[in-house]
Amino acid sequence: MNWNMIEGNWRLYRGELRTHWRMLSDESLDTVSGKRPRLAMLLQRLYGISADEAERQINAFLDEVTTMPRYHSDRNHGERGHPKRA
């Protein structure tokens, strides 16, 4: 999974982001708006970490959500990867 998947489905991933980084607020996630550099800067500020550490944590988050059920919509699947009902 790459960041484009997160950015394109930002609303679906917000809960996972808040679970992963509990100091993130709804307002801060609105400001980030799916932009990885904004998230990295916000993590640096909130947690007092370096830019390299913020990127490491974001990469770990991507690895974590890769193992979760897919959070996407397409013509065969609904939200969270569950098949759509007829």
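This section describes the helix packing, an aromatic pair and selected residues of a predicted model.

The protein chain contains five helices and zero strands, and along the sequence the elements follow the pattern α-α-α-α-α. Of its 86 residues, 34% count as buried. Among contacts in the chain with a separation of 6 or more, 40% are accounted for by residues 24 or more positions apart.

Two packed helices are described by the angle between their axes and the distance between the axes. Helix H2 (residues 10–20) packs with helix H5 (residues 51–66) at an angle of about 125 degrees, and the two axes are 12 Å apart. The crossing of the two helices is right-handed. On the H2 side, the contact is made by Tyr13, Glu16, Leu17 and His20; on the H5 side, Gln57, Phe61, Glu64 and Val65 take part. By class, the residues of this contact divide into four nonpolar, two polar and two charged.

Helix H5 also packs with helix H4, at an angle of about 120 degrees and with the axes 9 Å apart. H4 is therefore oblique to H5, and H4 passes H5 in a right-handed crossing. H4 contributes Arg36, Leu39, Ala40, Leu43 and Gln44 to the contact, whereas H5 contributes Ala51, Ala54, Glu55, Ile58, Asn59 and Leu62. The contact of H4 with H5 comprises seven nonpolar, two polar and two charged residues.

The buried residues of H2 are Trp10, Tyr13, Arg14, Glu16 and Leu17. These buried residues pack against helix H1 (3–8), H3, helix H4 (36–47) and H5. Of the residues listed as buried in H2, Tyr13, Glu16 and Leu17 also belong to the contact with H5.

Arginine 11 is likewise found in helix H2, but arginine 11 is exposed, with a relative accessible area of 76%. Aspartate 30 lies 19 residues from arginine 11 along the chain, and the C-alpha atoms of the two residues are separated by 9.5 Å.

A search of the whole structure finds two aromatic pairs. One of them is formed by tryptophan 21 and phenylalanine 61; the pair is tilted, with 5.4 Å centre to centre and 40 degrees between the planes. Tryptophan 21 lies in the loop between H2 and helix H3 (26–32), and phenylalanine 61 lies in helix H5, so the pair ties together parts that are 40 residues apart in sequence. Both tryptophan 21 and phenylalanine 61 are buried. Phenylalanine 61 is also one of the H5 residues in the contact with H2.

Most residues other than glycine have a negative phi. Serine 33 is not a glycine, yet serine 33 has a positive phi of about 50 degrees. Serine 33 is found in the loop between H3 and H4 and, at 37% relative accessibility, counts as partly exposed.

Technical notes
Residues are numbered from 1 along each chain as its sequence is written. This is a predicted model: local features need pLDDT of at least 70, side-chain atom pairs count only at pLDDT 80 or more; totals for chains, interfaces and linings use all residues. Side-chain values use heavy atoms; hydrogens and water are left out. Axes are lines fitted to C-alpha atoms, for helices over the stretch in contact, and angles run from 0 to 180 degrees between N-to-C directions. Helices (H or I, at least four residues) and strands (E, at least two) are DSSP runs, numbered from the N terminus. A crossing is left-handed if the near helix is turned anticlockwise from the far one by less than a right angle, and right-handed if clockwise. Contact means heavy atoms within 4.5 Å. Ala, Val, Leu, Ile, Met, Phe, Trp, Tyr, Cys and Pro count as nonpolar, Asp, Glu, Lys and Arg as charged, and the others, Gly among them, as polar. Rings of Phe, Tyr and Trp (its six-membered ring) pair if their centres lie within 6.5 Å; planes under 30 degrees apart count as stacked, over 60 as edge-to-face and the rest as tilted. Buried means under 20% relative accessible area, exposed over 50%, partly exposed in between (1.4 Å probe, protein chains only). Angles under 35 degrees count as roughly parallel, over 145 as roughly antiparallel, 65 to 115 as roughly perpendicular and the rest as oblique.
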